[in-house]
Amino acid sequence: MDALLALAAFTFVASITPGPNNLMLAASGVGFGFRRTLPHMVGVCVGFALLVLICGLGVGALITGNPAAATALKVVGSGYLLYLAWMLRGNFSSGSGGAGGQPMSFSAAVVFQFANPKAWLMGVTGASAFLPGIGNDWIALAIFCAVICAVNLPCITSWAVLGSAIRSRLNDPRWQRPFSGMMVLLTLYAAVAVWL
């Protein structure tokens with residue numbers, strides 16, 4: 001039970017802090033509203049669950065333990081974040097569509113988890129630090145994945161809700177530029193943090 005509480009606390013802190021998923025969900029909430037962001041949000045949850053399962057099976061440690069694969073993951077992840085920061089600049093008014101004309105699809109959000117360095121870090125760290133305390137069988141792996149997903153979903157939902165909640169404020173140009181600048185800076189921070 002102590003291992004599950006520690007895992008839940010770890011997952012909460014890692015999931016609620018700014019990262020690629022959270023920033024993209026907030027941007028989608030601003031650009032498209034909560035309802036149109038739902039497929040993106042569910043895709044993040046499903047993709048992250050698959051990634052956590054892979055990490056729990058030990059594959060994540062093999063990938064991140066291989067220097068070439070770890071570097072490639074960082075390059076792809078930070079490259080995508082730099083692209084996202086470029087697309088986010090000046091793009092925040094209600095109905096502007098955030099970082100493009102359509103919200104991210106369910107399948108794109110699932111696939112993005114495998115290029116998201118923060119998701120890999122959470123999965124590998126969680127599996128190595130907490131899974132041994134839960135157990136070594138399939139039931140333990142299922143419990144591990146369920147706890148991570150149960151804590152992660154409300155955290156990522158809060159970012160989509162935040163974006164949706166401030167959506168109407170961004171009709172005022174006085175709020176658009178500061179919010180856009182803040183989102184670009186947070187995205188650039190996430191791209192740099194991949195390498196730290």
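Visitor: How many residues line the largest pocket, and which of them lie nearest its centre?

Guide: Rolling a probe the size of a water molecule over the atoms shows where empty space is left. On a 1 Å grid over the protein atoms alone, a pocket is an open set of points with protein on both sides within 12 Å along at least five of seven lines, a cavity is a set where a 1.4 Å probe fits but cannot get out, and lining residues have an atom within 4 Å of a point. Here the largest pocket has a lining of 22 residues, and Pro117, Lys118, Leu121, Ala193 and Val194 are the ones nearest its centre. This is a predicted model, in which local features need pLDDT of at least 70 and side-chain atom pairs count only at pLDDT 80 or more, while totals for chains, interfaces and linings use all residues. Residues are numbered from 1 along each chain as its sequence is written, and side-chain values use heavy atoms, with hydrogens and water left out.

Visitor: How much space lies in the largest pocket, and which helix gives the largest share of its lining?

Guide: The largest pocket holds about 480 Å³ of space, a volume being what is filled by probe spheres set on the grid points, which are joined across faces, edges and corners. Helices are DSSP runs of H or I with at least four residues, numbered from the N terminus. The largest share of this lining, seven residues, comes from α7, and α1, α5, α7 and α9 each supply at least two. By class the lining has 16 nonpolar, four polar and two charged residues, where Ala, Val, Leu, Ile, Met, Phe, Trp, Tyr, Cys and Pro count as nonpolar, Asp, Glu, Lys and Arg as charged, and the others, Gly among them, as polar.

Visitor: How many cavities of 30 Å³ or more does a search of the whole structure find?

Guide: The search finds one, and about 110 Å³ of space lies in the largest cavity. Its lining has 16 residues, and closest to the centre are Asn21, Asn116, Lys118, Met122 and Asn152. At least two lining residues come from each of α1 (2-16), α2, α3, α7 (117-134) and α8, and the lining divides into seven nonpolar, eight polar and one charged.

Visitor: Is asparagine 152 buried or exposed, and which residues is it in contact with beyond its neighbours in sequence?

Guide: Asparagine 152 belongs to helix α8, and it counts as buried because its relative accessible area is 5%, the cut-offs being under 20% for buried, over 50% for exposed and partly exposed in between, with a 1.4 Å probe and protein chains only. Contact means heavy atoms within 4.5 Å. Leaving aside neighbours within four places in sequence, asparagine 152 is in contact with Thr11, Ser15, Phe48 and Met122.

Visitor: Which residues touch the most other members in the largest nonpolar core?

Guide: A nonpolar core is a set of buried Ala, Val, Leu, Ile, Met, Phe, Trp, Tyr and Cys residues joined through side-chain atoms within 4.5 Å. In the largest one, of 22 residues, those touching the most other members are Met24, Leu25, Met41, Leu88, Ile156, Phe179 and Met183. Two or more residues come from each of α2 (20-32), α3 (34-56), α5 (67-88), α6 (106-112), α8 (138-165) and α9 (173-193), and α2 gives the largest share, six residues. Apart from this core lies another, of 19 residues, including Leu7, Ala14, Val52 and Cys145.

Visitor: What does methionine 41 contact, leaving aside its neighbours within four places in sequence?

Guide: Methionine 41 is in contact with Leu25, Phe34, Ile156, Thr157 and Ala160, with those neighbours left aside. Phenylalanine 34, in helix α3, is partly exposed because its relative accessible area is 30%. Not counting residues up to four places away in sequence, phenylalanine 34 touches Met41, Thr157, Ala160, Val161 and Ser164. Valine 161 is found in helix α8 and, at 40% relative accessibility, also counts as partly exposed.

Visitor: How many residues does α3 have, and what span does it reach?

Guide: The expected span of a helix is 1.5 Å times one less than its number of residues. α3 has 23 residues and reaches 31 Å from its first C-alpha to its last, close to the 33 Å expected. Among its buried residues are His40, Met41, Val44, Phe48 and Val52, and α3 is followed by glycine 58, whose phi is positive, near 100 degrees.
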